[in-house]
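Trainee: Could you walk me through this model, one question at a time?
Mentor: Gladly; let's have it in view and start.

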Amino acid sequence: MRSKRKDEHVKLALKQGDYDNDFNKVRYIHNSFPNCNFSDVKLDAHYLNQDFETPVYINAMTGGSESTRIINGNLAKMAKRFNLAMSVGSQHVALDNPEYESSFSIVRDVNPDGFVIGNVSANATVEEAQRAIAMIDANALGIHINIAQEITMDEGDREFSHWLEHIRAIVDGVDVPVIVKEVGFGMSHDTVQQIIDCGVKHVDVSGRGGTNFVWIENERSQDKRYEYLADWGITPVESLLMTRDLHQNIEVLASGGVKTPLDVVKLLTLGAKGVGISGQFLKFSQLPEEEMMEECGKFLEDIRKCMILIGVTRVDQLPTVNYELQESLGKYHEAK
Ligand SMILES: Cc1cc2nc3c(=O)[nH]c(=O)nc-3n(C[C@H](O)[C@H](O)[C@H](O)COP(=O)(O)O)c2cc1C
């Protein structure tokens, strides 16, 4: 059942249409003199206690079936070629059925020296979290919080009151950095504060506007009654703006709806230290290998092009550049 679900998630994520993600409401002012050269622009970034060549990472998606083993293999090839950190999808299916382990560990086999991130739910025990890390020799562990997905999934969980307690226990019980992440519904100020109070040091606000698990679970459900919830959630732009005063207390990563290099640059400007991409990389992973590498290479090169357009040569300069927020986000100007 869970293995079949993994295949359905991929199929529906690839079929899903676009949603508004607020990126178009963040606007840079064009300047004609950048005073630097394209070759000066570097993408080096530091997050998850590690130096990376780029602020972009492949976010949690899949594993748990034969076809998702192939996808994870392709994603890992891309991660290796471009030195991207990469997360696997939820490992519970393999924690319960070891026959599925290879669909996750392929990521480590393909990329022995890469930065690989494990993934469990907030239901996981400390022992399960440790086994998930060992399964792929993970450098970090993501814990996903996905209330909107579970509640709209016919076979989803209905008990959530233990989540914060489990997160606290896992943070204390594992020896790699822990990232608490949403799955495309964003995080409010209260949510991030609760996560900080658990002792967590890294969060991925993973907001609305890209892969939409309410839409996906509605499509999978018997009676398809959740369409009215399809625009539920907070965009990553809103999440970053809302939580701005907390960024000094926790490292904030962002994802959700990132389709273009300019989207990446905008999230970095709003305070993200790293930017996760799922849906767009899933599309790349469906291409023949040479084309997949070409598309990924162009995407990373174009982040540098966007940076020179804005007039910066380093990622850590992005939070200092001027931008405008369109009307509906105007209330956040006061907080700036
Ligand atoms: C096919 C698919 C499966 C996913 N499965 C997981 C998962 O197992 N665990 C998790 O933390 N997030 C999962 N996600 C959510 C992503 O990590 C990310 O938070 C979300 O898709 C928003 O990013 P995007 O708009 O770039 O896709 C999945 C996403 C996709 C597309």
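**A guided look at the model**

Mentor: Let me begin with residues 162-318, a span that is 46% helix and 10% strand, with its end C-alpha atoms 38 Å apart. Helices (H or I, at least four residues) and strands (E, at least two) are DSSP runs, numbered from the N terminus. This is a predicted model, in which local features need pLDDT of at least 70 and side-chain atom pairs count only at pLDDT 80 or more, while totals for chains, interfaces and linings use all residues. Residues are numbered from 1 along each chain as its sequence is written, and side-chain values use heavy atoms, with hydrogens and water left out.

Trainee: Which feature does UniProt list for residues 162-318?
Mentor: The name comes from an unreviewed UniProt entry. UniProt positions are in the numbering used here, feature names are shortened, and annotations may be inferred rather than shown by experiment. The entry's label for residues 162-318 is "domain: FMN-dependent dehydrogenase".

Trainee: How many residues surround the ligand?
Mentor: A residue is near a molecule if one of its heavy atoms lies within 4 Å of it. The closest are A60, S90, S206, T211 and G257. The shell has 7 nonpolar, 14 polar and 2 charged residues, where Ala, Val, Leu, Ile, Met, Phe, Trp, Tyr, Cys and Pro count as nonpolar, Asp, Glu, Lys and Arg as charged, and the others, Gly among them, as polar. The number around the ligand is 23.

Trainee: How much of the ligand's accessible area does the protein cover?
Mentor: Start with the N and O atom pairs: a nitrogen atom of the ligand is 2.8 Å from a polar backbone atom of M61, and a ligand oxygen is 2.5 Å from an N or O atom in the side chain of T211. Accessible areas come from the Shrake-Rupley method with a 1.4 Å probe; for residues, only the protein chains shown count as cover. Of the 600 Å² that the ligand has on its own, the protein covers 96%.

Trainee: Is S105 buried or exposed?
Mentor: S105 sits in helix α4, and beyond its neighbours within four places in sequence it is in contact (heavy atoms within 4.5 Å) with M135 and I136. Buried means under 20% relative accessible area, exposed over 50%, and partly exposed in between (1.4 Å probe, protein chains only). Because its relative accessible area is 17%, S105 is buried.

Trainee: Which elements cover the buried residues of α4?
Mentor: Helix α4 (residues 102-110) has S103, F104, S105, I106, V107 and R108 as its buried residues. What covers them includes α2 (66-82), β5 (86-87), α3 (92-96), β6 (116-121) and α5 (126-136).

Trainee: Why does M86 count as buried?
Mentor: M86 is in strand β5. Not counting residues up to four places away in sequence, M86 touches I58, N72, L75, A76, A79, V107, F115, V116 and I117. M86 counts as buried because its relative accessibility is 2%.

Trainee: Which feature does UniProt place at E150?
Mentor: E150 lies in helix α6 (residues 147-152) and is buried, with a relative accessible area of 9%. The unreviewed UniProt entry places there the feature "binding site".

Trainee: Where is N35?
Mentor: N35 has a positive phi of about 60° although it is not a glycine. At 74% relative accessibility, N35 counts as exposed. Its place is the loop between β1 (26-28) and β2 (45-47).

Definitions and conventions:
Polar contact = N/O pair within 3.5 Å; in protein donor to acceptor, adjacent residues only side chain to side chain.
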